[in-house]
Amino acid sequence: MRIYDIIEKKRDGYELTDEEIEFFVRGYTNAQIEDYCASALLMAIFFRGMNSRETATLTRAICLSGDTVDLSMFGDNTVDKHSTGGVGDKTTLIVAPIVASLGCSVAKMSGRGLGHTGGTVDKLESITGFRTSLPTGDILAQVEKIGVCVVGQSGNLAPADKKIYALRDLTATVDNVSLIASSIMGKKLAAGAKSIVLDVKCGSGAFMKNEKDAELLATEMVEIGRRNSRNTVALITDMDTPLGNCIGNRIEVEEAMKVLKNELHGELRDLCVELSANMVSVCKKIGIPEAKKLAEESLASKKAFEKFLEWISCQGGDVGFLLSDDFSKALYEFDVVGKSQGYISKTNTEKIGKAACILGAGRTELGGKIDFTAGIRMHKKRGDHLKKGEKIATLYSSTTSDFSQAAQLFSKALEISTEKPAPTPLIYKTVR
Ligand code: URA
């Protein structure tokens, strides 16, 4: 078998056999297939697509490309959550401790930033000392002890996805249903949880820009979960505006802590309660209203916040520094102000994510370094009224004091109109 023939076949719009897909995944993981060949095949898949059988085979090949975690010691009590990627999405930092505080076991593999979107692993690594790479034995021991452990794609779990994900990030081949579904579900199946809650983002800041594509992705992933005996639920949620007010790494960790301390209400908290309720519901087989009440109680009693601190400290994070005023301080900051008066009627959230990357909050090259203090704090969001000269956002960076490019991109991302825009739903749909 030759990779050349596989690329040519997909380029011309034909279905690949299971053997061809497995040959590609095995060969690329073992470095027998070069990056340029893999890029060409990914681009052919991007344009020609894959059917459900091809997607299922790619998912299985990614899952079996390395070790798989056996969580059977926790019975059916294990639950995982995964977002398809967004801007300002810090939900894992909030839902993992909520759900663990309610007696479910969360052993989770998270990702790094991809394209304009942020990643949970980068946010966790912004906490000095936090270890995102742990041997499987340590992951299991931690879950048994405190109910939660979140790691990166370290060790030998789904190594194929680690390589393919990084290559897609650099070759504009991220936003494709089959590639996203197989990447996420390949990892989720390898990580071993019995129940999986998927947060499928939809809108200008998501890989899926409209509800129809988001539903297609959600249905594909729920079906993969079902075929592999996992209780899988997908929520299609709004990413037409950044989630919460902060975009970056340390400022997002701080915003997450405000929710956990029950000090911040609004859409970020509402979504986290909804996701937590779905996780607790599938895990404990109770109704959503009851599970929602439990999640609310965990936040109100600060049990979730206590669990968060226990988790961070257990994985080596410096809790003293995390709670200090210096944690998110950047060397430079810049205020973006309104140039005209009116309502913020639309936000191009992808552009806002890219502006955060320019400031240093994301990577622009493979293995690039992140400025954990870089980011954007939005003082005004979609639907808010703005006066000329009023502060819309503050940009932060410790790597550059030249804010012109990021500020320009950020301003271009906003549309101002005289009419107040109609509100959009936080959750469009649930796919079971
Ligand atoms: N998150 C993933 O894990 N994979 C993707 O392809 C996109 C988002």
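A cavity is, on a 1 Å grid over the protein atoms alone, a set of points where a 1.4 Å probe fits but cannot get out, and its lining residues have an atom within 4 Å of a point. Grid points are joined across faces, edges and corners, and a volume is the space filled by probe spheres set on the points. By this rule there are five cavities of 30 Å³ or more. This is a predicted model in which local features need pLDDT of at least 70 and side-chain atom pairs count only at pLDDT 80 or more, while totals for chains, interfaces and linings use all residues. Residues are numbered from 1 along each chain as its sequence is written, and side-chain values use heavy atoms, with hydrogens and water left out.

**The largest cavity**

- The largest cavity has a volume of about 290 Å³, and of the 26 residues that line it, H82, S83, T84, G85 and Y165 lie nearest its centre.
- Two or more lining residues come from each of β1 (79-83), α5 (91-101), α8 (159-170) and α9 (177-191), where helices (H or I, at least four residues) and strands (E, at least two) are DSSP runs, numbered from the N terminus.
- The element that gives the most to this lining is α9, with four residues.

**The second largest cavity**

- The second largest cavity has a volume of about 180 Å³, and 24 residues line it, with H116, T117, G118, A361 and G362 the closest to its centre.
- At least two lining residues are supplied by each of α6 (120-125), β6 (246-248) and α16 (349-359), and the largest share, three residues, comes from α16.

Key:
On a 1 Å grid over the protein atoms alone, a cavity is a set of points where a 1.4 Å probe fits but cannot get out, and a pocket is an open set with protein on both sides within 12 Å along at least five of seven lines; lining residues have an atom within 4 Å of a point.
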